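Take a look at the structure below. This briefing walks through a few of its features, topic by topic.

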Amino acid sequence: MAAAAGIDGGILAGLPDDILVEVFSRVGSVKILFRLAATCRRWLRLFTDPAFLRKLYPGHGKGLLGFFPRQTKPFMDYLRMVKIRTARHTSVSPPTFVPAPGSPLGSTEERALTAFVSDDDGTFNYAKPLAARRGFVLMHLVPRSFDLDRMTMRATVHRLALCNPITGDRHVLPPLDCPDSRVAIVKGYAIVTAADAGDLNGRRSPSARFTFSQLLIIANRQRTQEQYLHSYSAATRSWRGAPTMCTDGWRFSMAGQGIAAVHRGAAHWLCFDHEDDHNLYKFSADLCTACVSPRLKLPVRTGGTPLLHVSGDGKLSITCVCAQHVAVWTQQDEEEGAWLRTQQFRLAMVMPTNPNDPPDSRRCFEDCHEFDRGSMLVVYRTGGVFVLDIEKEAMEKVIDSFPSLFTHKQHWRCVPYEMDLVEFFMCHLGGLLRRG
């Protein structure tokens, strides 16, 4: 393939575009395709043509490339896994990736993360996926050693890493500073790109949307139940300053999976107040200064699982999904206290049900995730995965069922992995085409 691509008069050079789509669709690796795109000028033009790329990746689940399954009881699971790792003196259990049907990353068979990301030193073995955004996956690393007598992992457990399975990039962070004598549990995350944080080196780069800039972490200290915001900078490869207290863990609990909505230079989280009739509050952190704003009580009636996200028209919104209804609240004119219910609609029956299941469990879901502006990814307990288009008020099935993904549902959840590959290729290869 490479030899044929290297000469303009090769066999492949004369093939029509439709045949090249068939050839490239069988390569099976986005990284290899990315390298092939730069082997000749014609292929470079093709891989920066949106029409050609959409033929090569026809929808691919609206950008959904697959899932990283993860367990929901991290602390006890870490204790067990570190004991195994200490006893075996080896690493044999990397995280798994389950491609979505039609995914450019392979068939629906499970694959190890190390099939995409180099792991010659065992860094990503026994890692736990926490969140994903813009192609980056945040991992919680299990320490290499463990003091079995003291039964505490202290700061050694607070090792985090980000990787990009598409490019193979890895970014291992230094240990998270936690003065508490007991382990802290990570409760919230915000993966920030250069496009979110502002200009890159004084200029807005076309690929800034896919360039990792910083990471915000909210960690709950078990002894005091205080929740602190930690800020990591990719430019300095270090944690910035001292952590800032943001919430009281005894009183407030994070809504959803603790994944922030990044909007207009800030990361925003939702939380419930247990002393105020479980009313919904929002607090934010400035991306430049890492300063935390005061908590703001929201006039939002959830009636289900709330998800904070950015709407299709670029406004901060909260979508509340219950068994059969969806309600959408939208922030008005950037005023913190001005929230209005802008939509309310009923969900159509779009998924099969098991008549043997209890009536109240037939339409229950496990997770909701932001999935591009104006849409959400809804994962049902039956194994169905759907995209909820909020603007069209419609649900579209993406995956019927992944038995391996939903085994022992009460202990497993998933981290959906999505990326707009058309935009990714154009951002990274467009500059190369112009320079050529």
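In which order do the four strands S18, S19, S20 and S21 form an open sheet? The order is S18-S19-S20-S21, and the pairing is antiparallel. Keep in mind that this is a predicted model.

**The sheet S18 to S21**

- Strand S18 (305-310) and strand S21 (339-346) stand at the edges of this sheet.
- Each of these edge strands has a single partner strand, so one side of each is left without a neighbour in the sheet.
- Neighbouring strands here are turned by 20 degrees against each other on average, direction ignored.
- Inside this sheet, strand S19 covers residues 316-321 and strand S20 covers residues 325-331.
- Five bridges pair S19 with S20 in the antiparallel sense.
- Cys320 stands opposite Ala327, a residue of S20.

**The sheet S4 to S7**

- Another set of four strands forms an open sheet, in the order S4-S5-S6-S7.
- The pairing in this sheet is antiparallel.
- Its edge strands are S4 (128-133) and S7 (169-172), and each pairs on one side only.
- From one strand to the next, the twist averages 20 degrees.
- Strand S6 (residues 159-164) is joined to S7 by four bridges, and the two run antiparallel.
- Ala161 stands opposite Val172 in S7.

**A closer look at Tyr417**

- Where is Tyr417 placed? Tyr417 lies in strand S26, which spans residues 412-418.
- Is Tyr417 buried or exposed? Tyr417 has a relative accessible area of 0%. The cut-off for buried is under 20%, so Tyr417 counts as buried.
- Along the chain, Tyr417 and Ala132 are 285 residues apart.

**The whole protein**

- How many helices and strands does the protein have? There are eight helices and 26 strands.
- The protein has 436 residues, and 50% of them count as buried.
- Take the contacts between residues at least 6 apart in sequence: 55% of these join residues at least 24 apart.
- The accessible surface comes to about 19,900 Å². Carbon and sulfur atoms account for 50% of that surface.

How values were computed: Residues numbered from 1 in each chain as written. Predicted model: local features only at pLDDT ≥ 70, side-chain atom pairs only at ≥ 80, totals over all residues. Heavy atoms only, no water. Pairing = 2+ DSSP bridges. Axes fitted to C-alpha atoms, helices over the stretch in contact; angles between N-to-C directions. Buried < 20%, exposed > 50% of the residue type's maximum accessible area, 1.4 Å probe, protein only. Contact = heavy atoms within 4.5 Å. Areas by Shrake-Rupley, 256 points an atom, 1.4 Å probe, with all protein chains shown as cover.
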